[in-house]
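Reader: I would like to go through this model feature by feature. Please give the general idea before each case.

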Amino acid sequence: MTAHPLPRLPAADDVSSPVADEPVALLQLDLSDPVEAASAVYRQVRRGRRVVAVACGGAEAPTRLAEALDAIGVAAVRPAPGEALLHDGVTVVPGPETAVARARPGQLRPLRVALAGCGVVGGGALPRLLADAGFEVVGVLVRNPDKARDPAIPQGLLLSDPAALLAREPDVVVEAISDASTGLALIRAALSRGVHVVSANKQAVGGDLSGLTALAESTGARLLYSASVGGGAPLIETVRRAAAQGEIIRIEAVLNGTCNFILNRLADGGAFDDALSAAREAGFAEEDPSADLTGLDAAAKLAILAYEGLEQPLRIEDVSGQALSADSVLPSGRVRQIARLDVASGRAGVAFEAVDGDLLFADLPDEANALRVTLADGRVFTATGRGAGRRPTAESVWADLEDLVENR
Ligand SMILES: NC(=O)c1ccc[n+]([C@@H]2O[C@H](COP(=O)([O-])OP(=O)(O)OC[C@H]3O[C@@H](n4cnc5c(N)ncnc54)[C@H](OP(=O)(O)O)[C@@H]3O)[C@@H](O)[C@H]2O)c1
């Protein structure tokens, strides 16, 4: 995967109205583990905080942190000596050789994790789960146990029956299956037993979010699904923050990394089939890309965002769609697939629009996603990030797991 810098945008345009009790986080980070350090920053970013990250561990520590952040779609400013420290987003500054050790909360016993799906997303989470003493992987569910895999699944963990996975009595199911019905059935079965669920599967979660939420509440389980919309971009969190600040009148977003990737290639004169193949190779396109290309994927994500931001649920089938194919006649100019919900009219749709001059949407690289939420009083909340791919999506799953550990 080629790493492209993402446009730097504030989490909230209206800085006169702080969106969190503590809108700035100051973190001292040990860069002997850049992935762990980037995760700590990411979790603050998705809470809507501006971050000053002090990178400890030598002269190269700020570079290591900036690179690890870029891999998960978080852009960082590195101010020159004498420049202001506090920027929108993340600022990385050099720190001392040694950081103060970070105590991990709630380390009672390892959290027992059942991983369902070990493809792009699940395969990104597995090595980290296996390496972290805070988690014990009790089983890994796949469809085809005979398939060669990278990463390899350790002996004794490989399963192909969802019931056998739950029989291993996990505390949490990490659901990263590509099949909506199997994913939904597994989520329901887990929540019914009081087992927490972290899901990346928007078709499963978006199909019955109110039902799943009610089920989770009835058994005391938690359902987290940050990765299901926006991959590593904190879109769900941004809608929640906006809704906490006032009445949402509009949601507009680029929600499908595959379409965004293909549209950029088409704009550069590339052929549709080549662009789709490249999106698949990069791990952005689904195994069956028809949901990406028909707009169904973006519709499911819009339904989840609507659930987060509005009282009334939005059914996926009520979102109008427009397909992208080799024969599509697109508007001229810079084109994006825009998912749009207008609350007053109740209109919800996914369509290809020219976005020239729109600073949020026009320059989105490759798999990037972006969101704009408008409130009745005119305030606007925005977010952007990497909407697909192993590292950013697994990072979002990881942040949900860390939230579970923290709230144990
Ligand atoms: N890729 C991304 O960038 C991204 C971003 C955000 C959200 N998501 C969502 O995350 C989920 C996983 O995506 P992915 O890209 O990781 O897909 P993937 O690479 O195709 O992997 C899917 C995994 O699910 C397993 N699986 C599929 N059907 C199954 C069934 N009936 N029973 C048991 N296991 C089954 C597959 O098993 P085998 O390995 O044996 O085939 C595979 O391990 C999807 O819901 C997707 O929409 C993906």
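Predicted model: local features only at pLDDT ≥ 70, side-chain atom pairs only at ≥ 80, totals over all residues.

Reader: At what angle do helix α5 and helix α7 pack?

Author: Helices (H or I, at least four residues) and strands (E, at least two) are DSSP runs, numbered from the N terminus. Axes are lines fitted to C-alpha atoms, for helices over the stretch in contact, and angles run from 0 to 180 degrees between N-to-C directions. Here α5 (residues 180–192) and α7 (residues 209–219) pack at about 20 degrees, with axes 8 Å apart. That makes α5 roughly parallel to α7 (under 35 degrees is roughly parallel, over 145 roughly antiparallel, 65 to 115 roughly perpendicular, the rest oblique).

Reader: Which residues of α5 and α7 meet?

Author: Contact means heavy atoms within 4.5 Å. From α5, Leu184, Ile187, Arg188, Leu191 and Ser192 meet Leu212, Leu215, Ala216 and Thr219 of α7. By class, the contact of α5 with α7 has six nonpolar, two polar and one charged residues (Ala, Val, Leu, Ile, Met, Phe, Trp, Tyr, Cys and Pro count as nonpolar, Asp, Glu, Lys and Arg as charged, the others, Gly among them, as polar).

Reader: How many aromatic pairs does a search of the whole structure find?

Author: A pair of aromatic rings is described by the distance of the centres and the angle of the planes. Rings of Phe, Tyr and Trp (its six-membered ring) pair if their centres lie within 6.5 Å; planes under 30 degrees apart count as stacked, over 60 as edge-to-face and the rest as tilted. The search finds two pairs. One of them, Phe261 with Phe284, is edge-to-face, at 5.6 Å centre to centre and 65 degrees between the planes. Phe261 lies in helix α9 (residues 257–267) and Phe284 in the loop between α10 (272–281) and α11 (290–294), so the pair ties together parts that are 23 residues apart in sequence.

Reader: What sits over the ring of Phe261?

Author: A charge sits over a ring if NZ of Lys or CZ of Arg is within 6 Å of the ring centre and within 35 degrees of the ring normal. The charged end of Arg265 does this, 4.0 Å from the centre of the Phe261 ring.

Reader: Is Leu186 buried or exposed?

Author: Buried means under 20% relative accessible area, exposed over 50%, partly exposed in between (1.4 Å probe, protein chains only). Leu186, in helix α5, is buried at 3% relative accessibility. Beyond its neighbours within four places in sequence, its contacts include Ala116, Leu141, Pro162 and Ile177.

Reader: Where does the backbone call for attention?

Author: Most residues other than glycine have a negative phi, and most peptide bonds are trans. The peptide bond from Asp150 to Pro151 is cis, with omega near 5 degrees, and Pro151 is in the loop between β6 (135–141) and β7 (158–159). Glu169, not a glycine, has a positive phi of about 55 degrees; this residue is exposed, with a relative accessible area of 60%. Asp366, also not a glycine, has a positive phi of about 30 degrees, but is buried at 7% relative accessibility.

Methods
Residues numbered from 1 in each chain as written. Heavy atoms only, no water.
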